[in-house]
Amino acid sequence: MIISLPPVNADFEAVGRRIKAIREARGLLLERLADEARLSHAELSMAEHGRLGLNSVQLHALTSALHVSPRILFETAIDVSKIRPL
């Protein structure tokens, strides 16, 4: 399945949708990813819903915990069928 999203220009909502899609494809609960990325559960939830912009350090921590390149958060289409559970 390919998720098509609009181009990102500091669009917190689009980045949040990508984070959530990758997290779910990896089979991770929000709480586990938040813990691994050293974010509060509330911060990650707000980021996934586009209500909180994350700084570069937080984005790097999230992508490291998800085992993906930071670049994927800014691509317009993500093929989640190629993302395997951890």
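**Helix packing exercises**

Helix 1 and helix 4 cross in a left-handed manner (the near helix is turned anticlockwise from the far one by less than a right angle). The model is predicted, with pLDDT of at least 70 needed for local features and 80 or more for side-chain atom pairs, while totals for chains, interfaces and linings use all residues. Residues are numbered from 1 along each chain, and side-chain values use heavy atoms, without hydrogens or water.

**Exercise 1.** Determine how helix 1 and helix 4 are oriented to each other.

*Solution.* Step one: the two helices pack at an angle of about 25°, with axes 10 Å apart. Step two: angles under 35 degrees count as roughly parallel. Helix 1 and helix 4 are therefore roughly parallel to each other. Step three: the contact (heavy atoms within 4.5 Å) involves Val15, Ile19, Ile22, Arg23 and Arg26 of helix 1 and Leu59, Leu62 and Leu66 of helix 4.

**Exercise 2.** Determine how helix 1 is oriented to helix 3.

*Solution.* Step one: the axes of helix 1 (residues 12-26) and helix 3 (residues 41-48) come within 7 Å and cross at roughly 115°. Step two: this makes helix 1 roughly perpendicular to helix 3 (65 to 115 degrees). Step three: Phe12, Gly16, Arg17, Ile19, Lys20 and Arg23 of helix 1 meet Leu44, Ala47 and Glu48 of helix 3.

**Exercise 3.** Locate the buried residues of helix 3.

*Solution.* Step one: Leu44, Ala47 and Glu48 are buried in helix 3 (under 20% relative accessible area, 1.4 Å probe, protein chains only). Step two: these residues cover an arc of only 95° around the axis, which puts them on the same side of helix 3. Step three: the buried residues of helix 3 pack against helix 1, helix 2 (30-36) and helix 4 (56-66).

Terms used:
Axes are lines fitted to C-alpha atoms, for helices over the stretch in contact, and angles run from 0 to 180 degrees between N-to-C directions. Helices (H or I, at least four residues) and strands (E, at least two) are DSSP runs, numbered from the N terminus. Angles under 35 degrees count as roughly parallel, over 145 as roughly antiparallel, 65 to 115 as roughly perpendicular and the rest as oblique. Buried means under 20% relative accessible area, exposed over 50%, partly exposed in between (1.4 Å probe, protein chains only). The arc is that of the directions from the helix axis to the C-beta atoms.
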